[in-house]
Amino acid sequence: MSHKLAFIGFGVVGQGLAEILLEKKEELKQKEGFEATVVAISDLMKGSIYHPNGLDIDLVLKTLKETGNLENYPKVPSLVTGWDSFKTIKETNADTIIEVSYTDVKTGQPAIDHCKAAFESRKNVVMTNKGPVALAYKELSELAKKHGVYWGFEGTVMSGTPSLRMPIEALAGNEINEIRGIFNGTTNYILTKMEKEGISYEEALKEAQQLGYAEADPTSDVEGYDARYKVVILANYIMGVPLKVEDVPCKGITDITLKEIKEAKDEGKRWKLLAKIKKENDRIVASVAPEKVDLVDPLASIDGAVNAITYECDLLGPVTLSGAGAGKKETGFSLLIDLIHINRKQKLITV
């Protein structure tokens, strides 16, 4: 049976997943027994379309590229246009909502309310939005459980690099006492450029912006706020601790000078913006701040816009995972990870 999907938001990440579903259609069917049908897409700027029997993804992407509006999709019987996000969530026949809308990370909205509407309609949600997971993890996870649906958010920490799936599944049985990581590619790129090319913070930031690694307003990245949300997600999901954003002290990289970069190099160290969570007795201590890291530390070797995470395990010792922390296909893949997981769980239930 085909798994019916509704996209809420259809920007870079949503289109990335759509392209993957096209590209990997036969492979997913053969290897995973997974078939996806996109029945609806609702985007605040690009319009909304719904067909209960499914949309032609190739034609959707072509229509959007040529006209900029989903509602220019060829008119066929039973095609519905103009529904808002909540009507799309509640009234379409989708099994799973792909929540990739533009969301205010300070409030988690409208994604938090999208999740609530989906769960109450007994629909799964997979998403890449950090806000809802960081700000409303307990409430949303309990609501999903109450209604017997799945909530996936693999892409919220390191994009398609499975920083959440790996500890839950591959490291099961270990107690994870500490998590350290480089969770922001923009800041890591800037620090790498400053060290290797001897250019100033301002020059490195400008390059990052030109390459698309940094936004026109880079505050969330360079001040560490982006990494702080990811710390909160890891604490709640991996360590089971109800950490809040305001509990995590945060300092960015804007004050780091070339002189400090050189001094660290002379000491056999390298500056990194580190996000850390550690169990100390009965409490959790978390922070985001620049730190001089010894060159023998696996995190010291992470250059450019790459992300990495180290789990300190009681049985296995330190385990480090590195990979892409952003990108159209990479983040689209994170959504696919969750969809495959839903499909595998459903197959187990029906066996």
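**Exercise 1. Classify C313 and C250 in this predicted model as buried, partly exposed or exposed.**

Step 1. C313 has a relative accessibility of 7%. Buried means under 20%, so C313 counts as buried.

Step 2. C250 has a relative accessible area of 26%. This value lies between the limits of 20% and 50%, so C250 is partly exposed.

Step 3. A disulfide is a covalent bond between the sulfur atoms of two cysteines. The structure holds zero disulfides.

**Exercise 2. Describe how helix α9 packs against helix α10.**

Step 1. Locate the helices: α9 covers residues 185–197 and α10 covers residues 201–210.

Step 2. Take the geometry. The axes lie 9 Å apart, and the angle is about 125°. Roughly perpendicular ends at 115 degrees and roughly antiparallel begins over 145, so α9 and α10 are oblique to each other.

Step 3. Assign the hand: the crossing of α9 past α10 is right-handed.

Step 4. List the contact residues. From α9 come Y189, I190, K193, M194 and E197; from α10 come Y201, A204, L205, E207 and A208.

Step 5. Sort the residues of this contact by type: seven are nonpolar, three are charged and none is polar.

**Exercise 3. Characterise the surroundings of Y237.**

Step 1. Y237 belongs to helix α12, residues 225–237.

Step 2. The relative accessible area of Y237 is 26%, which places Y237 among partly exposed residues.

Step 3. Setting aside neighbours within four places in sequence, Y237 contacts Y137, F153, L164 and I168.

Step 4. Compare sequence and space for A134: A134 and Y237 are 103 residues apart along the chain, and their C-alpha atoms are separated by 9.7 Å.

Notes. Residues numbered from 1 in each chain as written. Predicted model: local features only at pLDDT ≥ 70, side-chain atom pairs only at ≥ 80, totals over all residues. Heavy atoms only, no water. Disulfide = S-S within 2.5 Å. Buried < 20%, exposed > 50% of the residue type's maximum accessible area, 1.4 Å probe, protein only. Axes fitted to C-alpha atoms, helices over the stretch in contact; angles between N-to-C directions. Helix = DSSP H or I, 4+ residues; strand = E, 2+ residues; numbered from the N terminus. Parallel < 35°, antiparallel > 145°, perpendicular 65-115°, else oblique. Left-handed = near helix turned anticlockwise from the far one by under 90°. Contact = heavy atoms within 4.5 Å. Nonpolar A, V, L, I, M, F, W, Y, C, P; charged D, E, K, R; others polar.
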